[in-house]
Amino acid sequence: MRKIITGFMGMLILASFTYEGMAQDKQMTWTTKSNTARDLALSGAHHLMNAEFEQAYSDVEAALKIDPNFTVALVLMTNLSRGASRDAYAEKALASAAGKTEGEKLFASLVDKQNTQEARRDTWAKLHSMFPDGKMIGDFYVQTRATPEERFSAAQDYIKKFPDEAAMYNTIAYYYMLNKKDNEIAKKNLDKYIALYPNGTNPYDSMGEYYLNTGDMENSKKYYTMALEKYPFNGSSLAALQKMEDSTKASDSK
């Protein structure tokens, strides 16, 4: 699945996590008193980086049950929610950041609906400058650049710094597939994505979409099915397979 970071999704705030009181170095501090809540938020953030939204929601929801004042989890849940729920989580996220670190306050500010997309993009750049070793901040800094070319350039820089971070190969693959129309290089990056994250759902979902775009329905179905074997509630794969099935039935009925 391709990550779309515009409007609502452009508010996503992700970073590497450390405990309150630990040395920040070049990563953001995330204030929580619960090791379990922290681990769940980390897992949720990882799934969110990989466009595994259902899994992300489950993990972040569990983190908030343990620590309802956990700023990072509240921000993540804000961006995994819609409508009135989204507004309620945003209000809690902004309130929770009071008294926390400057990074967390900046992090939380991105759920403020009064911010423009350009303002959020500038905030991402500031976060990236403040925390250059934050792998997840770096990932979403890439996703929120203004143009495909800017995203690709930032992605290349990211890969040089973090060559084993799987999600970025997905970003690069889609750039080659959709912008450069270079399916050979796109597939090489998707193969790398699967190799680095073999137990994930999204690598197989993305490969399913790759084969769908190239007209190979057999392999497309194969990889979407593999994605569901990893996580049976992945909405993207379920929808794609249903669409393929509906298309086949429509053709057969003619």
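1. Within helix α6 (residues 117-130), E118 and R121 are three residues apart and so are separated by about one helical turn; helices here are DSSP runs of H or I with at least four residues, numbered from the N terminus. Their side chains meet in a salt bridge at 2.8 Å, N to O, the term denoting a side-chain nitrogen of Lys or Arg within 4 Å of a carboxyl oxygen of Asp or Glu. E118 counts as partly exposed at 43% relative accessibility, whereas R121, at 13%, counts as buried (buried is under 20% relative accessible area, exposed over 50%, partly exposed in between, with a 1.4 Å probe and protein chains only).

2. The model is a predicted one, in which local features need pLDDT of at least 70 and side-chain atom pairs count only at pLDDT 80 or more, while totals for chains, interfaces and linings use all residues. Residues are numbered from 1 along each chain as its sequence is written, and side-chain values use heavy atoms, with hydrogens and water left out.

3. The structure holds nine salt bridges. One of them joins E102 and K105 at 3.4 Å, N to O, both residues lying in helix α5, three residues apart; E102 is exposed at 55% and K105 partly exposed at 34%. In helix α10 (residues 183-196), K188 and E184 are four residues apart, and the closest N and O atoms of their salt bridge are 3.9 Å apart. Salt bridges that share partners also join R86, D87 and K113 into one network.

4. In helix α4 (residues 83-96), the buried residues are R86, A90, A93 and S96. Seen down the axis, these fall within an arc of 130 degrees, so they line one face of the helix, the arc being that of the directions from the helix axis to the C-beta atoms. On the other side of α4, A84, E91 and A95 are exposed. The cover over the buried residues includes α3 (71-79) and α5 (102-109), contact meaning heavy atoms within 4.5 Å.

5. There are 10 aromatic pairs, counted where ring centres of Phe, Tyr and Trp (its six-membered ring) lie within 6.5 Å, with planes under 30 degrees apart stacked, over 60 edge-to-face and the rest tilted. The rings of F152 and Y176 have centres 5.5 Å apart and planes at 85 degrees, so this pair is edge-to-face. F152 lies in helix α8 (residues 148-161) and Y176 in helix α9 (residues 167-179), so the pair ties together parts 24 residues apart in sequence. Ring pairs link F152, Y175 and Y176 into a cluster.

Definitions and conventions
Helix = DSSP H or I, 4+ residues; strand = E, 2+ residues; numbered from the N terminus.
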